[in-house]
Amino acid sequence: STLLTAEFCINESITKSLDSLKTAAIQNRPEIRQMDYKIKMAEQNIEIAKSGRRPLVAITGEFEQKNPNFDWDPEWSVSLVGTMNIFDGSMVKSQIEEAYAVCEQAKRGKELLINGIYLDVTQSYLSLLNSIESIETAKKNVAQAEEMAKMADTNYKAGMGSSMETIDAELNLTQAKNSFAIALSQYFISMAQLEKATGTTQGGI
């Protein structure tokens, strides 16, 4: 049953390519969403900084009825008022440049983050492939050790082999099974690392 479990795991684990796992990581990793939010805030800060050099325009209106005892038409006055700060130009320019710099830094940070995630996924994926190869090798070794143990037991019962040969064969079988168990354990560790790297839940690889 252990061998069947290993075969199932191997079949399930190779259904997705490395590129698709990288794409999944970018979609699922929370660090990417956090960096996108940071970039969005930085872009908004640029617009806020730019608003400092734009004129402020306001519309004002006044209503007046000079003689409330007569039914005269009221008098309305509407005015357009604009103000512009002409003294803080250098300060506004500096604030805009700083806002742009912060935004570019955030975008560069996202690029570095993506590269790091790609590296993490690649290393985890290769580790998983290596663990699968180790399982395949261990399975073959177990099968060979089982065959040798059967032959040694048959020869011993037929008087054609010694008890020492039987003991050695059983020992080799035990070692082969232990190696398989270690390989299978490493597989599950590698799978967990890949799931973490891609930001997916168990079984999502």
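1. Gln44 sits in helix α3, residues 30-50; helices (H or I, at least four residues) are DSSP runs numbered from the N terminus. From C-alpha to C-alpha, Gln44 is 9.0 Å from Ala99, although 55 residues separate the two in sequence.

2. A word on the model before going further. This is a predicted model, in which local features need pLDDT of at least 70 and side-chain atom pairs count only at pLDDT 80 or more, while totals for chains, interfaces and linings use all residues. Residues are numbered from 1 along each chain as its sequence is written, and side-chain values use heavy atoms, with hydrogens and water left out.

3. Do have a look at Arg29, in the loop between α2 (18-28) and α3. Arg29 is buried, at 11% relative accessible area. Its side chain reaches the backbone oxygen of Ala197 at 2.7 Å. Leaving aside residues up to four places away in sequence, Arg29 touches Ile117, Asp120, Lys196, Ala197, Thr198 and Gly199, where contact means heavy atoms within 4.5 Å.

4. Next, the charged pairs. Side chains of opposite charge can pair when their charged atoms come close. The whole structure holds 7 salt bridges, each defined as a side-chain nitrogen of Lys or Arg within 4 Å of a carboxyl oxygen of Asp or Glu.

5. One of them pairs Lys110 with Asp36, with the closest N and O atoms 2.6 Å apart. Lys110 lies in helix α4 (residues 89-157) and Asp36 in helix α3, so this pair ties together parts that are 74 residues apart in sequence. Both partners are partly exposed: Lys110 has 22% relative accessibility and Asp36 has 33%.

6. Within helix α3, Lys50 and Glu47 are 3 residues apart, separated by about one helical turn. They form a salt bridge whose closest N and O atoms are 4.0 Å apart. Lys50 counts as buried at 18% relative accessibility, whereas Glu47 is partly exposed at 41%.

7. Arg108 is partly exposed at 45%, and Glu111 is partly exposed at 43%. Elsewhere, salt bridges that share partners join Arg29, Glu31 and Asp120 into one network.

Note on methods:
Helix = DSSP H or I, 4+ residues; strand = E, 2+ residues; numbered from the N terminus. Buried < 20%, exposed > 50% of the residue type's maximum accessible area, 1.4 Å probe, protein only. Polar contact = N/O pair within 3.5 Å; in protein donor to acceptor, adjacent residues only side chain to side chain.
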